[in-house]
Amino acid sequence: MVHEKDNQSSVRVKIQRFGSYLSGMIMPNIGAFIAWGFITALFIPTGWIPNEAFAKLVGPMITYLLPLLIGYTGGKMIYDVRGGVVGATATMGVIVGADIPMFLGAMIMGPLGGYLIKKFDQLIHGKVKQGFEMLVNNFSAGIIGGILTLVAFKGIGPVVLGLNKTLAAGVEFIVNHKILPLANIFIEPAKVLFLNNAINHGILSPLGIEQAAETGKSILFLLETNPGPGLGILLAYWLFGRGNAKQSAPGAVIIHFLGGIHEIYFPYILMKPILILAAMAGGVSGVLTFTLFDAGLVAVPSPGSIFALLAMTPKGNHLGVLAGVIVAAAVSFLVASIFLKAAKNNEEEEDLSKATEKMQQLKGKKSEVAAALQTEATIPTKVKKIVFACDAGMGSSAMGASILRNKVQKAGLDIEVTNTAINQLPEDADIVITHKNLTERAKEKRPNAYHVSVENFLNSPKYDELINSLKEKNE
């Protein structure tokens, strides 16, 4: 049984890692996507203020700018700026060789270009004579980038184009046959497993942008980003929850619905996993409503705030978008309320660390199985940097870092507190704080750091425990 759970955990980590690479190529460039969305919403013939001259920006931005940015970012993730340059150069091959925006091709060629130049540099390391380093570096990048561009243009581009059109045809079939709402049966559980950014930015956004380029909007932008399901669950906790969950729910509502940080409601579902049914019901109802109103957005709203959704809504679609959000929130609220009210009054909801401690007390000794749920290392004697890490490095980790930073300052400790994406954990991180579902990946990335696993970035008792330990060591 333990072996089976280990295999399941390993598979989940691998899927998360792959999803992080996909979303990692999109997330840093969200600003460019939003800029394109604003220009499209404003200046195309059906936009708010049609302008023929400004509308000429729409085509080149989606055809060249956005795929090149993805290709550069993908290469940079593999091998810093040098990998980014080769990745962007190789991406040009699939761009010119296709008649549609080549996002999928960019997500292949970018990392491939970075990987090949990295391997070449490793191969010649220490073999270049002094004085020829710059010559070899520049020409190797140029030659590899040029060859990859030609290969992409003639070989990879047509294959990716065929795959891209197949995926687009599949999405069109699903939409035309009115079964798109069923996608949220899979999307909502995947979000709670921290695959939300991979689903939204790695799969739905590239396909949605192609649809938006043709029709001016896409419903795919609303599948994962709809804040309605999470809002309904948090409101149910606010009214019918107990203890810390009830007290923290109002703040979580603001952060989730207005701030767009969806990860804030994941711990509330993890505390009572049956509530995933409420999220699924809300998601399906919301997408069904979007479909009935023929609603869509012009670009990906990131983060998934109600403000971002409304800003990316094209002319004439605001009623449909708002209706979908409201229906999703109402349905998830009703379902979640039933489960919360049906719970026994004396039922105590414990976080993972308390449950683990209780298990070891019952056993009478330290459990090796429980050790996997707790931090194995000891706090370093000298701590200079604490890093919060989440999948994208922007949402929940930023909130956690802000909270702990204030506690560090009040304690008078000279420690830097920052946040980042889990794939970009710095080598000088002394302490790494992650959600419990991401701790395993963080340990693989930085095994020598002290790792703290929490269930809720917004309100964790481990923050005060860590501060007290740091103060004792400092004294």
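At 3% relative accessibility, Val325 counts as buried (buried means under 20% relative accessible area, exposed over 50%, and partly exposed in between, using a 1.4 Å probe and protein chains only). That residue sits in helix α13, residues 318-342. Keep in mind that this is a predicted model, where local features need pLDDT of at least 70 and side-chain atom pairs count only at pLDDT 80 or more, while totals for chains, interfaces and linings use all residues. Residues are numbered from 1 along each chain as its sequence is written, and side-chain values use heavy atoms, with hydrogens and water left out.

**Around Val325**

- Helices (H or I, at least four residues) and strands (E, at least two) are DSSP runs, numbered from the N terminus.
- The C-alpha atoms of Val325 and Pro227 are 6.7 Å apart, although 98 residues separate the two along the chain.
- If you skip residues up to four places away in sequence, Val325 touches Asn226, Pro227, Gly228, Phe257, Phe290, Ile306 and Leu309 (contact means heavy atoms within 4.5 Å).

**His262 in its loop**

- Look for His262 in the loop between α9 (243-258) and α10 (266-271).
- Buried or exposed? His262 is buried, with a relative accessible area of 5%.
- A polar atom of the His262 side chain lies 2.9 Å from the backbone oxygen of Gly304.
- Neighbours within four places aside, His262 is in contact with Lys191, Glu224, Thr225, Asn226, Pro227, His256 and Gly304.

**The sheet**

- Four strands make an open sheet in the order β2-β1-β3-β4, with parallel pairing (two strands pair if DSSP finds at least two bridges between them).
- The edge strands, β2 (416-421) and β4 (450-454), each pair on one side only.
- From one strand to the next, the twist averages 25° (axes are lines fitted to C-alpha atoms, for helices over the stretch in contact, and angles run from 0 to 180 degrees between N-to-C directions).
- Six bridges join β1 to β2 in parallel, and Phe388 stands opposite Asn419 in β2.
- β1 also runs parallel to β3, joined by four bridges, with Ala389 opposite Thr434 in β3.
- β3 (residues 431-435) and β4 pair in the parallel sense over five bridges, and Thr434 has Ser453 in β4 as its bridge partner.

**Covering the sheet**

- How many of the residues in β1 are buried? Six of its six residues are, and the strand is mostly covered.
- In a regular strand, side chains alternate between the two faces of the sheet.
- In β1, Lys385, Val387 and Ala389 point one way, while Ile386, Phe388 and Cys390 point the other way, and all are buried.
- Helix α16 (residues 396-410) lies across β1 (385-390), β2 and β3, running at about 175° to β2.
- Helix α18 (residues 462-474) lies across β1, β3 and β4, running at about 155° to β4.

**Nonpolar cores**

- The largest nonpolar core has 74 residues, and those with the most contacts inside it are Phe33, Trp36, Ile70, Ile233, Tyr237 and Ile269 (a nonpolar core is a set of buried Ala, Val, Leu, Ile, Met, Phe, Trp, Tyr and Cys residues joined through side-chain atoms within 4.5 Å).
- Helix α7 (residues 184-215) gives the most to this core, with nine residues.
- A second, separate core has 20 residues, among them Ile386, Ile415, Val417 and Leu466.

**Aromatic pairs**

- Rings of Phe, Tyr and Trp (its six-membered ring) pair if their centres lie within 6.5 Å; planes under 30 degrees apart count as stacked, over 60 as edge-to-face and the rest as tilted.
- The count by this rule comes to six aromatic pairs.
- The rings of Phe33 and Phe103 have centres 6.0 Å apart and planes at 35°, so this pair is tilted.
- That pair links distant parts of the chain, with Phe33 in helix α2 (residues 30-43) and Phe103 in helix α5 (residues 103-124), 70 residues apart; both are buried.
- Phe240 and Phe333 form a tilted pair too, at 6.3 Å centre to centre and 35° between the planes.
- Phe240 belongs to helix α8 (residues 228-240) and Phe333 to helix α13, 93 residues apart.
- Phe240 counts as partly exposed because its relative accessibility is 30%.

Key
A polar contact is a pair of N or O atoms within 3.5 Å; within protein, one must be able to donate a hydrogen and the other to accept it, and residues adjacent in sequence count only if both atoms are side-chain atoms.
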